[in-house]
Amino acid sequence: MEAIHAAIPHREPFLFLDRIVERSEMAIEAEWDVRADAPFLEGHYPGQPLVPGVLLCESVFQAGAILCATSEPKEDGVPVLTKITEARFKHMVHPGET
């Protein structure tokens with residue numbers, strides 16, 4: 001978690017990464033353990049909790065921000081996503097999944 005905190009400004013409750021599994025110069029693999037007590041699951045959807053797609057996207061973008069922040073050459077500032085084109089989800093993500 002220290003490496004994540006050192007690389008990006010995101011913190012709980014808006015940090016959607018738990019660990020960096022693997023990283024190379026051009027790629028990163030990270031994981032997020034979806035806790036059953038996550039506040040957003042309370043209303044999305046009651047009785048059948050489902051992680052909102054926008055938060056799945058945010059998790060991916062946070063991993064990308066870490067990749068950018070730890071790559072050379074470094075640029076000043078905070079990476080900010082401005083557009084998503086043709087996002088697709090292969091399956092639903094529920095509490096307890098990684």
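Predicted model: local features only at pLDDT ≥ 70, side-chain atom pairs only at ≥ 80, totals over all residues.
**Entry 1: fold order**

I read the elements off from the N terminus, and they run α-β-β-α. That makes 2 helices and 2 strands in the protein chain.

I then took the box along the principal axes, and the C-alpha atoms fill roughly 45 × 30 × 25 Å. I looked up burial next: of the 98 residues in the chain, 26% are buried. For contacts between residues at least 6 apart in sequence, I got 56% joining residues at least 24 apart.

**Entry 2: helix α2**

I checked the length of α2, which covers residues 53-69. Its 17 residues should span 24 Å at 1.5 Å a residue, and the end C-alpha atoms are 24 Å apart, so the two agree.

Which residues of α2 are buried? I listed L55, L56, C57, E58, S59, Q62, A63, A65, I66 and L67. An α-helix has 3.6 residues a turn, so residues three or four places apart point the same way. I also asked what the buried residues of α2 pack against. The partners are α1 (2-7), β1 (19-23) and β2 (28-31).

**Entry 3: the largest pocket**

I ran the pocket search, and the largest pocket came out at a volume of about 430 Å³. It is lined by 18 residues, and the closest to its centre are L56, S59, V60, V93 and T98. I looked for elements that give two or more residues to this lining and found β2 and α2. By class, the lining of the largest pocket splits into 10 nonpolar, 3 polar and 5 charged residues. L56 and S59, both by the centre of this pocket, are also on my list of buried α2 residues.

**Entry 4: T98**

T98 turned up by the pocket centre, and I wanted to know where it sits. It is in the segment after α2. Is T98 buried or exposed? It is exposed, with a relative accessible area of 60%; the cut-off for that is over 50%. Leaving out residues up to four places away in sequence, I found T98 touching R19, E31, W32 and D33. I also took the C-alpha separation of T98 and M26: 23 Å, for residues 72 apart along the chain.

**Entry 5: the second largest pocket**

This one has a volume of about 220 Å³. I noted its lining as H10, E58, F61, Q62, G64, A65, C68, V78, P79, V80 and L81. The classes are 7 nonpolar, 3 polar and 1 charged. E58, Q62 and A65 line this pocket and are among the buried residues of α2.

**Entry 6: aromatic rings**

I searched the whole structure for aromatic pairs and got 4. I took F16 and F40 for a closer look: the ring centres are 6.4 Å apart and the planes are at 75°, so I filed the pair as edge-to-face. The cut-off for that label is over 60 degrees.

What does this pair tie together? F16 lies in the loop between α1 and β1, and F40 in the loop between β2 and α2, so the pair joins parts 24 residues apart in sequence. I checked burial for both. F16 is buried, with a relative accessible area of 4%, while F40 is partly exposed at 22%.

Terms used:
Residues numbered from 1 in each chain as written. Heavy atoms only, no water. Helix = DSSP H or I, 4+ residues; strand = E, 2+ residues; numbered from the N terminus. Expected span 1.5 Å × (residues − 1). Buried < 20%, exposed > 50% of the residue type's maximum accessible area, 1.4 Å probe, protein only. Contact = heavy atoms within 4.5 Å. 1 Å grid on protein atoms, 1.4 Å probe; cavity = no way out; pocket = protein on both sides within 12 Å on 5 of 7 lines; lining within 4 Å. Points joined across faces, edges and corners; volume = space filled by probe spheres on them. Nonpolar A, V, L, I, M, F, W, Y, C, P; charged D, E, K, R; others polar. Phe/Tyr/Trp six-rings, centres within 6.5 Å; stacked < 30°, edge-to-face > 60°.
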